[in-house]
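Biologist: Hi! Could you put the model up on the screen and walk me through it?

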Amino acid sequence: LWWGWFWALSVVAVGEGSRWAPARGDGSRRRILVVGGFDGSGTRGAVWLLRRLGVAMAIDDPTSLDVHAAQVGGWPALVIPLLEASAGAFAAKAPRDASPCMSAFPPQLDWAAPGPGQEARKKLGALVDSLTNQVEEALPPSHAHPPFMVSFKAPCATAVLPALLDLGLDVRYLHVVRDGRDIAFSSNVSPVTKFFNATFGPQCWASLAQDLPSESLSAVLQAKLWTEWNHRLVAWAEATAEDSKSAFAWHALRIEDLLQDGSEAKRQAIVALASFVGSTVDDRETLDLVHTAIPSLGGSVATFNGQLVAAATQARSSGYGKWKHLLVDRTELHHILHGIMEPVLERFNYSSTGPVLDLAPVPAQLHDNVWKLDAVSRAAVSRQGCILVAGFALGPADKNTNVAVESRARSWDGCCSACRRASPCDAFSWEPLERGCVLATKRSTSGLQRDSTAVFGWAYS
């Protein structure tokens, strides 16, 4: 039954008029939400979805939806010294015959000792304070008590999570993941140019350049950095989240799960994300999100598991699943990339042909009496004797047969009463922007059409 997952979502609801569940954990700590992931993973789409779930985001750039940390000189100036210090300390302890492409990510330094760690910690504290003021000024009245002191997106902020914890913050991290084989062929190579040498040291790049043909080098560098950051981040995050002394939680959002509108994969991803951030969106909002194309995912039409998936409203060159076409007749590069990325691909359920997706359709409306409105409306429904489906109306075919218009009805409950009095009348639409109360003989939902302002209902004795 479809009512089960709506009930599961509704149990996190809080007081009347509130969208947020109370924050849990150490009340003395300031809770923040950080959205990160490798560049090109779809973090903009994740922010769009978070905002629809009620999360107030701090945003510097309306295009990327990022916080650029200009207050402290920008993210590269903050992250690169940490990566270099961590890589240097790691290399000093490594055996002479160790691989030149090993790292210690994310950086874990002595944050109190003079040096890059202490400097980064100081800058991060100033940045969080600045963003807190920015968000508080931008909060509408409906977000008077959000669960996060501040929420922001910065893909490379993955590298500063240990430092944020050392500030005494309660950190929630949303880890956005995209198939690394697509990332390997991304035209956005800024992560490699900015962070590769700082992560591994220059010997790694030089070694790969010596062993690989020039036309394959860029894809391998991207794949190597994507794998290292994701693989080591997951290991650190899981260990830290299990530490009872740590105020940290993380959630992985696989962006491909959001591509197919109306799919079970998308429904599960949205419900899980809403639970992670403490959002109590109601049933109608959730269903709308499942059936709404999420912008800024950078996708195109691609084939997953033999099924055609419309990944976004517009096709783009940075399409999902493009790696399959780009690796045709490139067997050696195919093996190299899969050899590098295999642990992370398996961890996030990417198969040899693409992400494993549950594309079972989620109906645009629910069956019978499982649709829930707010508490007042539910009580009225019980008294009036009608079952409601909000956001839908009778279809054109139904309006042409056995239909009457009850002009005296002024609301959906009045329309319900009119249908119960009329004979024959099994169903009705309350359409405030069109014909008002429309009565019909109808016992199925097969011909319903979406109308965000309407309410469809059955009347029963």
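Biologist: Let's start with E12: how many of its residues are buried?

Modeller: Five of the five residues in E12 are buried, so that strand is mostly covered. Buried means under 20% relative accessible area, exposed means over 50%, and partly exposed is in between (1.4 Å probe, protein chains only). Helices (H or I, at least four residues) and strands (E, at least two) are DSSP runs, numbered from the N terminus.

Biologist: Before we go on, what kind of model is this?

Modeller: This is a predicted model, where local features need pLDDT of at least 70, side-chain atom pairs count only at pLDDT 80 or more, and totals for chains, interfaces and linings use all residues. Residues are numbered from 1 along each chain as its sequence is written, and side-chain values use heavy atoms, with hydrogens and water left out.

Biologist: Thanks! Which strand is joined to E12?

Modeller: That is strand E11 (residues 427–431), joined to E12 by five bridges, and the two run antiparallel. Two strands count as paired if DSSP finds at least two bridges between them. E11 and E12 form a hairpin with four residues between them, and Phe428 stands opposite Leu439 in E12.

Biologist: New topic, disulfides. How many are there in the whole structure?

Modeller: A search of the whole structure finds two. A disulfide here is a pair of cysteine sulfur atoms within 2.5 Å.

Biologist: What does Cys101 pair with?

Modeller: Cys101 is joined to Cys204, again by a disulfide, with 2.0 Å from S to S. This pair links distant parts of the chain, 103 residues apart: Cys101 is in the loop between helix H3 (75–93) and helix H4 (116–138), while Cys204 is in helix H8 (residues 202–211). Cys101 and Cys204 are buried too.

Biologist: Why is that one called right-handed?

Modeller: Because the torsion about the S-S bond of Cys101 and Cys204 is about 100°.

Biologist: What else is in that loop between H3 and H4?

Modeller: Pro106 is found there. A cis peptide bond joins Phe105 and Pro106, with omega about -5°.

Biologist: Okay, sheets now. What is the strand order in the open sheet of four strands?

Modeller: The order is E2-E1-E3-E4, with parallel pairing. Strand E2 (150–153) and strand E4 (248–254) are the edge strands, and each pairs on one side only. In general, strands of a sheet pair through backbone hydrogen bonds, either parallel or antiparallel.

Biologist: How many bridges join E3 to E4?

Modeller: Seven bridges join strand E3 (residues 170–177) to E4. As an example, His175 has Ala252 in E4 as its bridge partner.

Biologist: Which helix lies across E3 and E4 at about 140° to E4?

Modeller: That is helix H9 (residues 214–242). Helix H10 (residues 264–277) lies across strand E1 (31–36), E3 and E4, and runs at about 160° to E4. For these angles, axes are lines fitted to C-alpha atoms, for helices over the stretch in contact, and angles run from 0 to 180 degrees between N-to-C directions.

Biologist: Which residues touch the most other members in the largest nonpolar core?

Modeller: Trp75, Leu164 and Leu337 do, out of 70 residues in that core. The largest share of this core, twelve residues, comes from H9. A nonpolar core is a set of buried Ala, Val, Leu, Ile, Met, Phe, Trp, Tyr and Cys residues joined through side-chain atoms within 4.5 Å.

Biologist: Last one: where is Asp329?

Modeller: Asp329 sits in the loop between helix H12 (323–326) and helix H13 (331–347). Asp329 has a positive phi of about 65° although it is not a glycine, and Asp329 is exposed, with a relative accessible area of 75%.

Conventions:
Contact means heavy atoms within 4.5 Å.
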